[in-house]
Amino acid sequence: MFTAASAAILISMLLALGRAFIGPTLYDRILSVNMFGTKTVLLIAVLGFLMGRPDFLDIAIVYSLINFIGIVAILRFFEYTQPSKDNVTRADEGEHE
Amino acid sequence: MTIEFLIDIIILGFLVITAVGIAVSKDLFASVMLAGIYSLLSAVFFVVMDAVDVAFTEASVGAGISTILMLSTLTLTGQFEDPSRHNKTLGFVVVFITGSLLIFGTTDMPIFGDALAPVQLHLAPHFIENSYAEVGMPNIVTSVLASYRGYDTFGETVVIFTAGIGVLTLLGFSSGGSTPLVSVVAPMHQHKILRVVSKMLIPPILIFALYVQFHGDYGPGGGFQAGVIFAAAIILYAMVFGLDTARKVINQSVIQILSALGVLLYGSVGLVSFLNGKNFLDYSVLAHDPLHGQHYGILLVELGVGITVTAVMVSIFFTFASRVDKEHGGNA
Amino acid sequence: MIIDIISWFCLLVGGFLCISGAVGIFRFPDFFSRMHAASVTDSLGSGLIILGLVLQSSEWLVISKLVFIQIFIFLTSPTSSHALAKAALHSGLRPWTKPVAGRDDR
Amino acid sequence: MTFMSQYNYWVVIILMMLGFYIVISHGNLVKKLIGLSIFQTSVFILYISMGKVTGGTAPILDSDYTVYSNPLPHVLILTAIVVGIATTAVGLALVVRIKEAYGTIEESEIQQKDDEEC
């Protein structure tokens, strides 16, 4: 049953990865990285049970915390580039449409 | 074929796809984000390969600090690369030849997971069988890291300290000269929810870092991981509430002293054991019972590593972030 | 036994929700609908998977760690989604609307 | 099984070559550093793969288990990851300085400017 759950998580990871590749705007990529992070937390938790040593959940806890920091960092530094370079956003939008 | 091996194959496949994505992407921001995914995947791989301590380190370093540093550099250097200047064919030929030679070389490698491979026959059996009697810790990785190979780890700590000094000399010189721009409006002021949630999350992160630091003898964790997590909490504070606020909480000079203090703590533990008539970093003389001595020694050494790693990571981030603030006028 | 069945059910439904969210993130036409798909299913899917794991474990330490993970996911996931949506809207990205629908700018 | 038994090493080599390719053929210095970190991770994967023992478990002693994976590669790679990020930080600092000095981080443009100065 853990196998089925981990397979489901792996499939959703693959789809998120696909969106990170094609995602026309950078926000799509950030979104998929965020989702990927959540899925990684779940996968590590399930893997702990699958391999019979569930006492290693600390790694999953670290991920759930660090992932948030990563997203905040991406948003924070992305904002620096946005106001000055309006044309970048326009270009992204154009690509998207 | 076991399920673990199947997951291993899938994860490695994902890794290759991600790496190809990084190679072809022109947008450096996208590359950095894919590099984040790459690091997440490699951490999962390390878990599958039973390397929980390594996965822990990769988890705290790869997704957090590494992404943050890359992004802060990108805000200073620009988002796009110039694809016209690549020498594709020559690079491809060189890579192809090297790769095929290496693939040819793998035919001599032992079968994956072989318990009788040459790697498994020396040292590792000794560590697995005797480390509990000699060092008294369930986590073999910690006892090897801090006790058997304590000298090596000392060297690594010094390398990290040196890297911190290097970044400071490269980028931190002008921070004392002109008065830094005081950003009137704290950054991310428009993200009220983010600020509240960060305020809620920072104390648990700090406590969790302390848990990782002192629980490293019994589970995955230790000074390196704890240091990075602790630094990540401080970095989160600096990002959400502004660099100046963070500087008020943690002074730059305090950080510099702390980063040296960790290395000194490590070295002085070695010196104490040296002066007591044993080898450098042989902790068994630190208490009457050699096992207790080992415990004390590892605790102190890991603390030294943790302090140095925290201080160096925070000072590296502060140096980069103050550059970013200066470049972009300090009002994001 | 009954606990096993409940936990399997939780794991399966959680896995299904994860996949459906991922399909949403992959197939939906624009950023905001993708984000909607991702964040809505993420919370429930991860919650169910963690619940399934909690039902499988016997040690209190493991259970408390799982609960912590769940709390952190519940705190961070919506927050980052919100911040992301806000940043995207700020940067001038507008939700995709049906061309005929016309004036529904928000 | 015997066919796939070298799979990890192949992936290591593919990743290593991808990183190598990025380092030698891309001109952007930040991209080069990303390529370097891919290369680095491939070495980590090589070490950790070699330490794995089939049927083994994580090297944290527990009375329920007798077979453990090799702890030595884990120690080496654990420190290497943290040292790797520290050295990457130095590299990025150098890139920022180069950008300030030359106004670009494309390798060929930097070389062009160097040539003009001579």
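Predicted model: local features only at pLDDT ≥ 70, side-chain atom pairs only at ≥ 80, totals over all residues.
The interface of chains B and A can be followed in some detail. Chain B contributes 62 residues to this contact and chain A contributes 43. The size of an interface is often expressed as the accessible area lost when the parts come together. Between chain B and chain A about 4,800 Å² is buried, with 85% of that area coming from carbon and sulfur atoms. On the chain B side, B:Phe14, B:Met33 and B:Leu40 lose the most area to chain A, together 12% of what that side buries. Zero salt bridges are found across this interface, and two residue pairs are in polar contact, both at pLDDT 80 or more.

Six helices of chain B, H1 (3-24), H2, H3, H9 (192-215), H10 (223-241) and H13 (290-327), each supply at least two residues of the side that touches chain A. The largest share, 13 residues, comes from H3(B). By residue class, the side of chain B that touches chain A comprises 43 nonpolar, 14 polar and five charged residues.

The structure holds nine cavities of 30 Å³ or more, and the largest cavity has a volume of about 310 Å³. Its lining consists of 23 residues, of which B:Glu58, B:Gly62, B:Ser66, D:Ser37 and D:Thr41 are the closest to the centre. Helices H2 (28-48) and H3 (52-77) of chain B, along with H2 (29-51) and H3 (71-102) of chain D, each give two or more residues to this lining. The lining divides into 11 nonpolar residues, 11 polar residues and one charged residue.

Technical notes. Residues numbered from 1 in each chain as written. Chains lettered and ligands numbered in written order. Heavy atoms only, no water. 1 Å grid on protein atoms, 1.4 Å probe; cavity = no way out; pocket = protein on both sides within 12 Å on 5 of 7 lines; lining within 4 Å. Points joined across faces, edges and corners; volume = space filled by probe spheres on them. Helix = DSSP H or I, 4+ residues; strand = E, 2+ residues; numbered from the N terminus. Nonpolar A, V, L, I, M, F, W, Y, C, P; charged D, E, K, R; others polar. Contact = heavy atoms within 4.5 Å. Buried area = accessible area lost by both parts, 1.4 Å probe. Salt bridge = Lys/Arg side-chain N within 4 Å of Asp/Glu carboxyl O. Polar contact = N/O pair within 3.5 Å; in protein donor to acceptor, adjacent residues only side chain to side chain.
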